[in-house]
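Colleague: Could you take me closely through the aromatic side chains of this model, and through what they pair with?

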Amino acid sequence: MVSESASAATDAGGRGLPSVHAFQVDLRGIVDLLSHHLYSSPRVFVRELLQNAVDAITARRAVDPGSPAVVRILADGARVQVRDSGIGLTEDEVHRFLATIGRSSKRGALGGGAESVLELGRGDFLGRFGIGLLACFVVADEICVVTKSAVDADAPAVEWRGAADGHYDIRILAPDESPAEPGTIVTLKPRHGQEFWFQATRVVELARDFGSLLPYETVLEDEAGYTYRITETPPVWDREYPSPGTRFEALAAYCQDTLGFAPLDLIELNIPLLGIKGAAYILPTAATTSEQGGHRVHIKGMLLTDQARGLLPDWAFFARCVIDTDALRPTASREALYEDDRLAAVREALGNRVRDWLAGLAATDPPRLNRLLAVHYLGVKALARFDDDLFALTLPWLPFETTAGRLPLTAFADQHRVIHLTAGDEEFQQVSQIAAAVGLGVVNGGYTYDADLVRKLPRALPGVTVLDLDPETIAAHLDTVDTAEEAAAGPLLATARRVLDALDCDVALRAYHPVTIPALLLDGREARHERARADAEAEAAADGDDLWAGILGALRTVGPRARLVLNHRSPLIQGLVELEDAELAATGIEAVYGQALLLSKRPIRSSESALLNRAFLGLLGFAVGRRQEPETEEED
């Protein structure tokens with residue numbers, strides 16, 4: 001398309017006025033941009049043809065509600081032809097709308113004729129950007145459009161042929177060449193190498209994928225004359241069913257057909273204020289927050305994408321939606337949702353619908369909710385963090401790991417009015433068996449969202465207290481040892497202090513159950529922080545980073561250290577107390593510490609790894625009668 005420019009001009013004073021030019025457009029470059037950067041696949045040409053046909057019918061029905069509404073597609077491998085019973089175009093409209101890139105006939109009234117019909121506004125049409133027909137150049141070198149206006153009965157039919165190199169021809173058709181009825185016929189022939197997209201089976205697949213929910217009857221005929229029905233209207237959620245059960249089965253079957261899985265449950269989505277209809281399907285297997293795509297979105301019946309993201313709040317990652325709406329805006333490629341206030345409003349509304357559904361199950365159908373939580377408790381916990389009402393409703397079914405097993409907080413609070421919360425799984429593993437034995441109620445705060453929810457518990461259950469677990473709390477619940485017995489264990493305790501001092505660990509003797517646990521490693525938050533700081537300091541010093549090592553050294557604190565609590569009731573500890581071999585006792589203490597360390601599931605430092613190895617080899621040496629001697633450097 002070649003630009004036009006105004007000739008040079010001067011004003012009354014003889015000074016030159018700026019000349020006006022139009023941009024030149026390289027259509028081949030535009031087509032290359034569309035095919036490689038805007039559209040994800042050539043398959044979109046079917047969508048653009050269907051879109052133009054549906055918009056043309058919508059425009060005609062605005063002035064003649066009783067006009068025919070049908071789209072017919074012919075695909076035989078050598079061509080794809082789409083015929084609609086829409087409003088058609090006059091010769092003048094063909095020049096303006098088919099030959100001007102970026103001008104859409106759906107943008108509002110521009111004058112007379114068919115344009116006056118388009119005062120319906122952009123919201124009544126699928127296409128908005130004026131580039132849709134160009135998508136056809138991705139698979140064809142020429143587009144042929146034959147159109148006859150339904151508004152201007154005296155206007156002759158027009159044939160428009162546009163080529164990918166940027167030129168077009170217009171021919172006024174004689175009466176014997178004109179279509180019998182108003183409407184438009186678009187014909188494409190495949191470019192070399194694009195024949196695959198023109199096969200009837202492929203076009204049927206694409207047409208059904210994009211257009212199954214379109215409001216007007218759409219059929220396809222292949223080269224053998226066989227007719228395929230494209231549209232499945234009304235949509236499955238708008239049909240009448242004999243019972244709620246058969247409706248549920250139909251919606252679930254639709255999920256299997258379109259999304260590829262049998263849903264665990266489903267939520268009907270009918271929000272007239274936002275023009276949304278459809279369903280949210282609950283995944284049958286556990287999902288994560290990173291898996292939030294896969295929503296199938298139709299705009300006025302036309303498929304926009306089957307991989308929409310951001311349609312639901314992040315916490316609702318356990319659901320996949322299929323919706324039809326007129327509230328959302330597509331991007332220019334019409335393959336994704338435009339992130340704006342409309343999408344934010346839809347996301348909030350859909351999130352509220354899911355929340356209300358969950359609250360309704362908690363109040364009226366607990367077994368159904370229990371089935372959901374068995375798979376998707378994490379998503380519900382995420383929502384319950386911010387919703388006190390839902391938290392209270394789902395408390396009897398939300399599972400938590402406790403010293404009494406995995407059970408809801410309501411059941412656990414019946415047993416313990418004071419609940420202790422660990423900072424993480426490592427701390428819980430250290431104390432769970434001992435806490436259970438002494439009757440201390442502890443909840444594992446290491447799982448996602450659990451700590452936040454446990455701290456909210458007093459709001460829902462007045463009289464319940466939640467405290468962060470402290471090692472001193474555990475120690476205070478352990479039985480003390482008789483003075484005489486502790487004196488008898490003095491040599492062993494002295495040996496243990498000597499062995500473990502280098503590991504920043506103190507030693508204590510207590511009596512507790514179960515007796516199968518010979519020692520408990522109590523490691524508070526402050527001790528863990530100091531150990532991490534010391535490890536980082538040592539690593540910096542080894543790397544020669546004196547500055548960073550000095551900074552970490554200045555942060556050194558003097559606080560409580562980790563503590564190895566030996567169980568006086570344990571037969572193993574009793575044996576070590578009675579042992580006269582000091583070296584074997586030291587090796588035994590190293591082994592007991594290693595076992596308690598492994599039980600705590602905390603990360604093992606290199607010095608602790610060396611201790612574990614030394615203890616294992618030492619005990620093995622004692623077992624076979626050959627003690628491991630410490631290595632000495634050979635003299636030169």
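Modeller: At 16% relative accessibility, tryptophan 315 counts as buried, because buried means under 20% relative accessible area, with exposed over 50% and partly exposed in between, for a 1.4 Å probe and protein chains only. Phenylalanine 318 is likewise buried, its relative accessible area being 0%. This is a predicted model, in which local features need pLDDT of at least 70 and side-chain atom pairs count only at pLDDT 80 or more, while totals for chains, interfaces and linings use all residues. Residues are numbered from 1 along each chain as its sequence is written, and side-chain values use heavy atoms, with hydrogens and water left out.

Rings of Phe, Tyr and Trp (its six-membered ring) pair if their centres lie within 6.5 Å, and planes under 30 degrees apart count as stacked, over 60 as edge-to-face and the rest as tilted. By this rule the count comes to seven aromatic pairs. One of them is the stacked pair of phenylalanine 45 and phenylalanine 198, at 5.6 Å centre to centre and with 20° between the planes. This pair links distant parts of the chain, since phenylalanine 45 lies in helix α2 (residues 44-63) and phenylalanine 198 in the loop between β8 (183-190) and α5 (200-211), 153 residues apart; helices (H or I, at least four residues) and strands (E, at least two) are DSSP runs, numbered from the N terminus. Both phenylalanine 45 and phenylalanine 198 are buried. Tryptophan 315 and phenylalanine 318 form a tilted pair, 6.5 Å centre to centre with 40° between the planes, and Trp315, Phe317 and Phe318 form one aromatic cluster.
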